[in-house]
Each structure stands twice: as C-alpha cells, then as structure tokens.
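Subject: Structure for your review

Dear colleague,

Please find the structure below, together with its sequence. My notes on what was found in it follow.

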Amino acid sequence: MSVEHGVFIVLSAITLVGAWIVIANRNLYRAALGMVLSFFGVAGLYALLNVGFLAVVQVLIYVGAISILIIFAIMLTRQVMDREVVQRNSQWFISLLVALVLFGVLGYTLAFRVADQWAVGGSGLPEKPIEALGEALVTTYALPFEVASVLLLVALVGAIVIAREK
Amino acid sequence: MNILDDLFVNIGQWWTNLLSDALSLPDGAVTMINGLIGGLILALLGVVMVLILTYMERKVFSRLQDRIGPNRWGPWGIFQAVADAIKMLIKEDIVPDNADRLLFNLAPVLMVIPAVLLYAVLPFGRRMVGSDLNVGALYVVAIGSLTAIAVMTAGWSSNNKYGLLGAFRVIAQLVSYEIPMVLAMASVVLIAGSMSLVKIVESQPIPNAILMPVSFFIYMAAGMAELGRSPFDLLEADSEIVAGYFIEYSGMKFALFFLAEYINMFAIAGVATTLFLSGWNWPILPTWLWFFIKTFAVVFVFIWARGSWPRFRIDHMLNFAWKFLVPLALVNLMVVALVDKLLADAGMWARAGGLLVSNLVIIAVTLGVVAWAARRSRNAKLQAIAGAR
Amino acid sequence: MDVPLSWYLLVAAALFCMGLYGVLSRRNAVAILMGVELMLNAVNINLVTFWRYVAPEAMAGQVFAVLVYTVAAAEAAVGLALFIAIYRSRDTVVVEDIDLMKG
Amino acid sequence: MEIRDFFFNLTWLIPLFPLLAFALIVLWANPNRKLSTWLAWMGIGLSWLLGWTIFFLSWGDIHHLTPPEGNHPVPLWTLPTGSSVLKIGFQVDTLTALMLFMVPFVCLMIFIYSKGYMGYGTNQVDSRYSRFFAYISLFACGMLGLIVSDNLLTLFIFWEIMGLCSYLLIGFWYEKSYPDPNRITPKEAGLKAFLTTRVGDVIMLLGLLLLYSQVGSLSFMDVFNHETLDMLAHKMVVLPVFGSVPVATLAALLLFGGAMGKSAQFPLHVWLPDAMEGPTPVSALIHAATMVSAGVYLVARSFPLFVAVHGGAQLAVVAFIGAFTALFASTIAVAQNDIKRVLAYSTISQLGYMIAALGIGAYIAAVFHLINHAFFKALLFLGSGSVIHGVEHGHHEVAHGHHGHEEEAFDANDMMNMGGLLSKMPRTAWTFIIGGGALAGIVPLAGFWSKDEILAHAWHEFQHGHDFGTFWPFFVWLLLTIAAALTAFYTARQICLAFVGRPRTEAAQHAHESPPSMTWPLMLLAFFAVILGLFGTPWANQFHHLIGEAFEATPFDPFVAGLSTVLAVGGMALGWLVYGRQPLAAGQVDPLKRWLGPVHTVLENKYYLDELYKTIFIRPVIWLSHIFSKFDYDWVINRIVNLAGTVTVFVSERWGEFDLVIVDGLVNLVGRSGASFSRLSGVVDLNIVDGIVNRIGDLIKAGGRFLRPLQTGRVQNYLIVAATTVVVLLGWYLVLSVL
C-alpha cells in the first residue's frame, strides 16, 4: 500500500463521484459540474500513468471545451432544467439492471480472470513521450490523423449549418 | 551577484536539508511538505501581488486621469489596499432568494483556484519554478480555460438575468479569444522547440517580442480579453449589464472575484514575460528581479490600455476575435513555421532576422488589408447615404 | 506502476456502466450527451492504461486516445447544434417527446 | 529509363485531375458555365496527356512491363487493418496502358461534345449545365482510377463511384415525365440501373471477401501470382448444393457476377437500354464506351483467376453467358425504333462478344475488341446524339413557326420521325456510317479485325482445342457468327431509316447540322474507327505484341474471315434491300413487322423480360388474380355463352315459325343455363379468388398491427434493446463460457 495506491484511490473516487452526480442529479447544471469533476479525476489518472500530455489535453478539451459546450446547451434549452422536472424516464429501472449486470460481467472478468496477465510490457517509457506521440501521429497513423481532421472540419461545417436560423 | 541570484534557491535547499537531515524525515514526507509549503508560498505571493497591483492600478489610473489617487491612508496612501480589504471583509454577505446556494458559494472559490494554479509553472527566476512541466504552455492554456466554468456557475447560480447575460458574454469572449492566444503561444513553442516554460525562457536570449511582434501583439490583445479588463470588460459592463456575473455577490465573495482578477492579471503578464520577453533570462541583475521588472512592465501596459481605451461593443469584440485575430494568428503561425523550417540550419542570427523580416511583412500586409476593407465599407456607407438622399 | 492493471480497468468499467445508465435513463438529451462523454472517457482510460501497461513503446494507445478526443469534440459540437435546432422547432429536448418515428 | 519511371510514378495523378475538376466545379465554379466547362476540359485533358504519354512510353519498351519484371507498381500508402495490412496503390501494366490509350481520349472527346450538346451559348442551354460537367468529371475520375488501381479494393471503390455517377447521370433530367405511363422516366431508369447493378456488385463484393479471407491481400500482385493461384485452385470449399468446388472457381464466378451487372450481361442487362433516358453524351460515355467495359476489364484483369482451374465451370459459364447475350441482344436490336435503344442493344451484344471471347480464352481478341468497340460505339452514340439534337432543334423551329405545336408529344429519338438526314447533316451522317461499318465488321474498318479475331480464335479452339474443350468454342463461334449477321442487318436498317430517303416529319425537314464542338469529336473518333483495326491485323498484331506475349496469337483463318465478311456484307445488303432501296414513307409500318409477325412483336418488346421481372419480382399476386379473372370471364363463360347464342340463332333461322315453342324452349334453356353458369362462376370468383387475395392482405395488415408497437420512435428503447443484447452476449462469452 504505497502513496500511489492512495492517490489512485482518491482520484478514482473523484471520478466516480463526479459520474454519479452526472447520472443522478436532477439539476442539470450540477450534473454538468459533476461531469467536470469526473473529467478532472480522469486527468489525474492520466497523470498517475505518467501521460502528462494527455492529462493536460484532457483538461483543455473536456473541461475547457466540451463542458462549456454542454453547459451552453443546458442554458439555451432552459425550461427543462427547472428543479422539479423528473429527469428519469420510464425505463430507468431496466437500464439500472442492464448497467449493473454489465458491470458485474466486466468486473468479474477483469478482477478474477484475465486482466493482470495482460500487463506484460515493462515500464519502458519512451524518453521523449510528446515527440514520440507526434512522430506516430504523422508517420504510422497519418491516415487516421488526417481523417480525424477532416471529421472535425465536417463537424464544424455541419454544426454551423444545422444551428443556423433558417 | 550569484548570492543574490540564488538567494531563494539556497533558502529552499537549506530548508530541504533541514527536513531530511536534521529531522531525518523520509523522502516522501519531505516532498509532500515541500509541495505544501511551495503551494502556500505561491498562493500568498498571489495575494501579495493583489495588494501591490490594486495600489499600482489606482495610482497609475489616477495619473492617467490627471488625479492624485489614494493618498490618505499611510504614506502616499500605500495602505489603501488594506483598507479596501477590511471594507470587503466587514460587509454583509447576501445570498439572493432561490439562488442555487451551493453553487453560489462555490463559484468564487472556483474562480480563484485556476488563477493560483497558473503560478505553479511560472519560472520566477533561474531554478525558481513551482514545477517545470514539459507541457507547461499547454498547461497554462488549459488552466486558463477553467475560468469560464467558474464565471458561468456564478452567473447561473445567482439566478439573475443580468448575471446570466454576463455569463453568456464571458463564454463568448473567453472561448473566442482562447484560440488566437493558443495560436500565438504555438508560434513561440515552435521556435523554442519545447512546451516547457523554462526551456522557452532559456531558448530566447533575444526576446520573442522583437522577433515576432505579431505574435506578441496577438497574445497581449487576447490576454486582455481573457482578463476581461477594459477595453474588453463587457463581462462586467456596469452600464449595460450592471456588473454582469457577480452582480449578486457582496462582501468576501466579491472580494474573491476581485482577487481572482488581479491574480490572473499578474499570471497572464508573467506568462507574457516568459513567452515573449525572455523571462528572467537577462544578464547583470538577479534573474528573479528581471522577471518581476518585466512582468510589472506588462501589467503597466494592461493598466495603460484600460485607462486609454473605451469599451468595445459586443459584436465588435467578436468580429475582432474571429475576423481579425484568428486569421492573423493562423497566417502568422504558418509563416513562422515556414521560416523556421527554411532557416533551420542557418544560424541563430539568420533565423532571428528572417523571423523579424517576415513579421514585418505580415504587419504591412495586414495594415494594407485593413485599410482597404475600411475604405470599402466607408464607400459603401457613403453610397447608401447618397442612395437614401 | 505498483497499482495493478485491473484496478484501472475496473474504474473504467464502472465509469462506462454509469455512463450507459445515464444514456439509457435520462430524459434530457443534454444529459444523454453527458452520459456518452462519460463512456468515451472510460474508453480512453482503457486505451491509455493498456498503452502504459502492455505496450509503452508503441504509441497506438495514446494516438487513439487523441482520436477519441477529436471524435468527442466533434460530437459535442454537432450535438449542441442539434439540440438548439430541435429546441427551436419543438420547444423541448426531452427525447421521449421527440418520437416522430413512432410506428 | 528515368524519364519513363518518372512518368509512371505520376500515374496516381491521372484520376486526380478530374476529381479536382469535380470538386472545383461543385464547390466553387458552378455558377459560371464557361469556367466549369474549361475546368472539366482541363481535368480530363491533363489526364489524357499523361495517359497517352504513359501508353506510348510503355509501348516503346514493352519488356519493362512484361514478366518477369511484370507491372510497374506505384504504392501510395498502407492501411493497417487488424492483423493484415492493406496495400493501396496504383500500377501500370500493359492492360492498364492500353486502357489508358482508350479511356481518357474517348472521355475527352465526349467532354468536348457535351458542350455543344448541352446547348452551351444557345437559348436552350440546360439549367444544370455545370452540374453535368461536374458529374462526368467525377465519372472520369472513377473510370481512370479503376484502370490504374493495383488492387481489387480500390478497383471496387472506383467501380462504385462509377455506379453512383451512372445513377446521377441517367436521372439527370429527373423532372422529365412522359405522357404514356408505360414509358420509363429518367428517375425510374436511374433507380433501375442503380439497383440492378447493385445485385451484381454485392456478388462481386462477396467474391472480394472470399479472396481476402483466403489470400489475406487484394492486390493483383499477391492474388494473381502462380503459387497463390495454385493454392486457390486446389483449396476446396463446400457449397450447399454444388458440393465442393475450388476456391478459384467460386471466386471467379462471384467476380463475374459483378462484371455481369456492370457490363449488362444477360440476366442483369435490363438496365442498360433504359439508361438511354440520360443525356446522350452520358449514354456514349458511360453506357457504351467506358463504364460498361469495366466489367470486361475486370474479367480480363482477373483472367489468371479464371484459368486457374483447368476445365472448371467458370469459363463455361462466362462463355455461355457472353455468347447468349450477344445473340439475344442483337435479335432485340433488330426490332427497335428508338435510335439510341438500337445502339444500346448492340452495345450489350458487343459486350457479349468480349465476354464470350474471354470465356474461350481469346484474351487478346477480347481486349482488342474492347478498345475498338469503345471507339466506334462512342462514335455511333455521339452521332445519334447529334442526330437527335438536330431533329429536336428542327422540331423547335417548327413549333415556333406555327404556334400551339409544343404540346403535341414528339419523340426525337424515334427513327420513324427521321429520314433523309444525309443531306441535312452530312458530317454526322458520314461519320455515323463509318461507325456503323465498323460495328458491322466491314473490311478494313476497326470492328472487322477484332470481331474476326474472336471468331477465328473460337474456330481455332474448336478444331484443335486443347484446354477449352471443343463444345464451347463451337457454341460460341456459332452464336457469334449469327449475331454478326444480325448486327450488320440492324446497322444497315438504322442507317437507312435515319439518313436515307425523304424526311418523314417536318422536324427532320428542318434539322440542321450540329455545332462544330459536336462534329469535330465525331470526325476524330471516326478517324480512329477507321485506322485502329490496322494495328491488330493477324499479320502485324501490335496488340498482341503489347498485351501479352504470354498468349499465343491466333492464326489467320481465311474460312472464318471470309464467312464473317460475307455475312457482314450480306447483312448490310439485306438491310439496304429492305429499308434503303425504297425508303419508308411517313407513317408506313416497318416491313419487318409484316414478315416476322408475332416474332417481331416479341422482339420489339425485348422478349418481355422487363415485364417478366416485374411480374416475377414485383406483383405475382396481381398477376395471379389477373389469370384467374381471365380464366373465369374470357376463356370459359363467354365462350359458352357465345356458343349458345350462335347455336340459337342458327337453329331459329333453320326452323320456321311453326315449332317456335321447342326452339324457344331450347333457346331459353340454353340461355338460362349459360346465365346461371356465369352467375355461379361469378360467385366463385367473388368469394374464392377475391377471398384469397383479401385474406392475404388482411394477414399482412394484422402482422403490421401486431409489430407496430415495437416502433415506439424513442431512441432509448431501441438502445436498451441493443445494450441488453450486448450484455447478454458478453456474459455468455466472458462468464458462462468459462464457468
């Protein structure tokens, strides 16, 4: 039980509590803030895995951009966020069952069967992680990279077209 | 000089030795204690800076407006800030009806946190940095973007029309100006070949502001906007949306917003110093002294701008971001990348010259385009008037 | 590295299931979008963790995490646009009320 | 050799130019007609220059491209797909080079032609002029990409691009509709073409999947080399009905399915004639010269796969389908009046020639015919387009002359509305006649040499056939020879109907020669239609030299050549005798109708295949009920009643008044019995036949009502079903399997 264990537990607790707020809170704005919290937890997990770059990018993109967008959406569609409104639909109980069973299956498999046998690669990190990532993005994964950029462009144009006042 | 230069470093070293040798604590504990103390110091530094900056702002501002400014409390009124603080503290703390209490109380704190977090990566001097992240520049941007959420929360939770309007303006402004800011920083990162602020500082004996005035200008403009200070103070435009998102706040919570603004101001100025004014990396004086001198110079420019410019109209603000700064920043980034590649192995001075020349060209072209556009719109207006006649 | 791999995977699985529950059980489209984001985060945790524990020298994990970021960003943008458009036309974003396809 | 490699490495640019033109026109230039035209021309023109450069370079020293060096690969990038890696790239080999000689040039000609045809600069310019050029540019990109791609995957992708363009262009005038409901509108025609070819494409995709699963790669170099082919030939797969067949056979047949769809072979040919609803340049570009030959190209490209298994079923199937299609289509073409439909059917039949030739291993002859046919068929189509254009303009003039004539339905495609155009539009007429001669196989025009080479090869194989048996070659030879005679006949018929004699309508009377932008391509194509054959004469066979030293050349066979010449000339002479000697007057019926009688009707209705498909696939129930009602009313009841009536009349005439009683009694009896009988059968019809039909309908309705609640229209309900399924499967796979 080292410091790392403690840190991990704290971070994952933050993540899951945030997620819980997202799915359980009636007040959508609070749900969004819970999502931000959860994103921070995930960023912390990345940092713990010494992927500092991804941690920062996580904060930048998810907290800085996506959460803002979602909060914007909440604001612009206000009337559904009065506090009395029931936020659960009729099938919430089945959904709960499904989610729990899924977690049961995954948890069983991961905890008791295969997971730790997979950890074969040593801890040989590349000495220049960001450079390595950049290299990979423009050499081996050039095609997916380009496709992603095109996807972003298309999403941009599409969003503008959809949201524009007719 | 070296003594002075390494003053704080040596103190820190002595302290660490004290902990580990004299008290013989385990390393983990030492790092933890040092981290806590460092954080504390940085936070306190922020607060102290606020005191200094408020005083400085009042003074400079009044000078710009041909007044004397604070002069009652203490010699040259230097305790004015303390007086302000006390006034804030003893004010009544109001929470409006059916406001979202939790978030209403949370918002000011959320506001301060990112501001203080920025100090963690600022290199105050040689070997004087909270933590030298290898993604420092990105970290600055990421943390900077957190402010938006805090502001949104404040505006929303106080359940006030003006509050919400202010929040919307904040989002629009911050999100819009983040982009040119990042692009300007990107050009610096490109030149330095690293995102670590320390490496960036070490890599610029010549300040980038001289090599890349365009980037510097863009960064300063975007920085002012991010700070939400005039001329970009539409967020709290008293005359339009009475104080915007913190309209309902009073007392200590208001003080926190106040605090956050000035901490941010110093942090942004510090980043500007680090990225464009070659940070502490100048000879003779102690490095940390250089840092503070330059930073205060930048702060002075901020105050100066506030004192001299009227507020933008919101559509002008957005157009300025999207139709002027973003394209300019993009062009600038491309040109810088191109020059950097072309003159990669042509020696430092050649690169510097190439960058400078290319930037000047950019400036010239930009001015030409702007002038042309202005003339066109003016002619259009005139013709419209003539048609109306 | 002395936290076992399975812990991360368990956290990711929990996050994923919570997101799934959110997607399935929330009435508001925005909340559903939030659930989707949670699921994407869970996936990312898996990618990065496997990268770290199984193949640290191959960059695949990080690369695909980055790609997931782009997808998430695009999704959020388009989602926002859709919500605004729907809200403009139907004055609600409660998915139960948006059932034009009802047979 | 650097210069050659330099150009060869630029191959990937060839499809790129038209694609750029497409993008620019669609995104930017479409408001400006002139600019769009020039963009499209520049795109295809650059491709043409590069294509011909490559062609002549590779002709220059062929040995660079012939084995062992093989083709000249131009790899672009590799796509990591799971465990295997997909290599995407282009290549130049002899076949590609040859296609590069044909495709870009024909495309260029047609692009130039289109300017005039779409009425540029006139008052009747098409409202979607720029879009048209964008579409054909995209199409050119598809075709060029298809012929330069070095693997079946990109080939398939470009193949589908062409399918899309075909759909878009057939339905280009989607708003058009005709007075009589039976005639197919462009919109329907486009859909029909798309869906019909889709059938073939799915089969082809199956073939690709099979190959990929067996070989793990789709690039030609990996699939079509000897050891892979041996492996495929000896590996067996077990099919439900046919038992175990070699993978090679199965894959070849599946690929051939795609080819059948694309180049309109017998069961899937129905879309091509209706595709003539599109603008004529499209018909020339897509449905005559290039796209339809893609199927043949595919078979030729994967020919090693077809011959991998000796005496396998695949070649027999190919040969049969091809030969049958050739004969079948040429018979239909005899009885068509729409000038473009005649050409459409002749296209089908010529494609049948090529397929059949491949089916008996006449590789060189097939490719040779492919090239020749592309040229003279494009020529013919453009000529017909020019004719239609002229006649339409004539019609417009007439309509303008005395008003109120616009609303009368006038079909500018109908050859019965033409005649005597030889004097009106001489350039078009003469080039058309040249093209017709080439099609009919008149010495020494292009068509003769290639067709004769196919026939000669078939005959050769028949006499001492080693690896293709003797039956199929003879079969092919017989059918193709008959088809050749028919071809000559209907070509002559067409020429005579269109150009000879006196104009049969005022429109034809007022027809004018088309603008030079339309006639120049005609002349250029005519030039090639004349000389191209001389490169493939049995004595100095440049094509053989170019395509494959691997295949042995076909020896010249005087018997076959003589026979086919005689048939060609004879056919044309017959056509001249029927239609040319005394030309048809206005409103006079086609003499063939008189002689062939019902056969002609059958031919005219294309063996009722469309109707057959419609009835089989679309509305069998209605068909059945029709049959029932016919049975009830026309065949039995009315017959009886009429019989009774006649008998009655006869009897009553015979006998005088004085035994009216009996007669009346008889009459009434018979009448009543007939009436009651019919009433009875009416009841039967109402309750049983209609009953069945209605029950079926009710059943379907009830099923719909039963299933309807499932469609709540709420996303989350669907989603939860999906999630539950996934969870169950996961649980099964992860937990139960190991418990």
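The elements of chain C follow one another along the sequence in the pattern α-α-α. Please note that this is a predicted model. Chain C contains 3 helices and 0 strands. Of its 103 residues, 59% are buried. Among the contacts in chain C with a separation of 6 or more, 48% are between residues 24 or more positions apart.

Contacts between chains C and A

Chain C meets chain A through 66 of its residues, which are in contact with 75 residues of chain A. On the chain C side, α1 (5-25), α2 (29-53) and α3 (60-90) each contribute at least two residues. The largest share is that of α3(C), which supplies 20 residues. Sorted by class, the side of chain C that touches chain A comprises 48 nonpolar, 11 polar and 7 charged residues.

Contacts between chains A and B

Chain A also touches chain B: 16 residues of chain A are in contact with 17 residues of chain B. Two or more residues on the chain A side come from each of α2 (28-48) and α3 (52-76) of chain A. Here α3(A) gives the most, with 11 residues. The side of chain A that touches chain B consists of 13 nonpolar and 3 polar residues, with no charged ones.

A helix pair in chain D

In chain D, helix α3 (residues 33-60) packs with helix α4 (residues 94-117) at an angle of about 155°, and their axes are 8 Å apart. Angles over 145 degrees count as roughly antiparallel, and α3(D) is therefore roughly antiparallel to α4(D). The crossing in which α3(D) passes α4(D) is left-handed.

- From α3(D): T37(D), A40(D), W41(D), I44(D), G45(D), S47(D), W48(D), G51(D), W52(D), I54(D), F55(D) and S58(D).
- From α4(D): T94(D), A97(D), L100(D), F101(D), P104(D), F105(D), C107(D), L108(D), F111(D), I112(D) and K115(D).

By class, the residues of the contact of α3(D) with α4(D) are 16 nonpolar, 6 polar and 1 charged.

Yours sincerely

Definitions and conventions. Residues numbered from 1 in each chain as written. Chains lettered and ligands numbered in written order. Predicted model: local features only at pLDDT ≥ 70, side-chain atom pairs only at ≥ 80, totals over all residues. Axes fitted to C-alpha atoms, helices over the stretch in contact; angles between N-to-C directions. Helix = DSSP H or I, 4+ residues; strand = E, 2+ residues; numbered from the N terminus. Parallel < 35°, antiparallel > 145°, perpendicular 65-115°, else oblique. Left-handed = near helix turned anticlockwise from the far one by under 90°. Contact = placed C-beta atoms within 7 Å. Nonpolar A, V, L, I, M, F, W, Y, C, P; charged D, E, K, R; others polar. Buried ≥ 20, exposed ≤ 12 C-beta atoms within 10 Å, placed from the backbone.
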